[in-house]
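Hello,

Here is the structure I promised to pass on. Please have a look, then read my notes below.

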Amino acid sequence: MASNCNLHTPPIETQTPTRRIMERSDGPATVLAIGTAVPPNVFLQKDYPDFYFGITDSNHQTELKHKFKRMCK
């Protein structure tokens, strides 16, 4: 018959607590991050209507451009 108790572990009352010693730094922490926050092919939302109407050669549709600007706020 299988038993659920482990015979090799002493009872909890007799176990000696062990402290884990952690390494600590003496100075401030430094984080190194490499990357770009805004890649060159990304446009801010407020600038996108001007970009879009410029590349589609639709600057003459001023009413639609103003509506699009309101949607991009």
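The axes of H1 and H2 come within 9 Å and cross at roughly 145°. Axes here are lines fitted to C-alpha atoms, for helices over the stretch in contact, with angles from 0 to 180 degrees between N-to-C directions. Helices are DSSP runs (H or I, at least four residues), numbered from the N terminus. This is a predicted model: local features need pLDDT of at least 70, side-chain atom pairs count only at pLDDT 80 or more, and totals for chains, interfaces and linings use all residues. Residues are numbered from 1 along each chain as its sequence is written, and side-chain values use heavy atoms, without hydrogens and water.

Which residues make the contact of H1 with H2? H1 brings Tyr 48, Pro 49, Asp 50, Tyr 52 and Phe 53. H2 brings Leu 64, Lys 65, Phe 68 and Lys 69. Contact means heavy atoms within 4.5 Å. By class, six of these residues are nonpolar, none polar and three charged. (Ala, Val, Leu, Ile, Met, Phe, Trp, Tyr, Cys and Pro count as nonpolar; Asp, Glu, Lys and Arg as charged; the others, Gly among them, as polar.)

**Aromatic rings**

The whole structure holds seven aromatic pairs. One of them, Tyr 52 with Phe 68, is tilted, at 5.9 Å centre to centre and 55° between the planes. Tyr 52 is in H1 (residues 48-55) and Phe 68 in H2 (residues 62-71), so the pair ties together parts 16 residues apart in sequence. Rings of Phe, Tyr and Trp (its six-membered ring) pair if their centres lie within 6.5 Å; planes under 30 degrees apart are stacked, over 60 edge-to-face, the rest tilted.

Buried means under 20%, exposed over 50%, partly exposed in between (1.4 Å probe, protein chains only). Asp 57 lies in the loop between H1 and H2 and is exposed, at 64%. Its phi is near 55°, a positive value in a residue other than glycine. Most residues other than glycine have a negative phi.

Best wishes

Conventions:
Helices (H or I, at least four residues) and strands (E, at least two) are DSSP runs, numbered from the N terminus.
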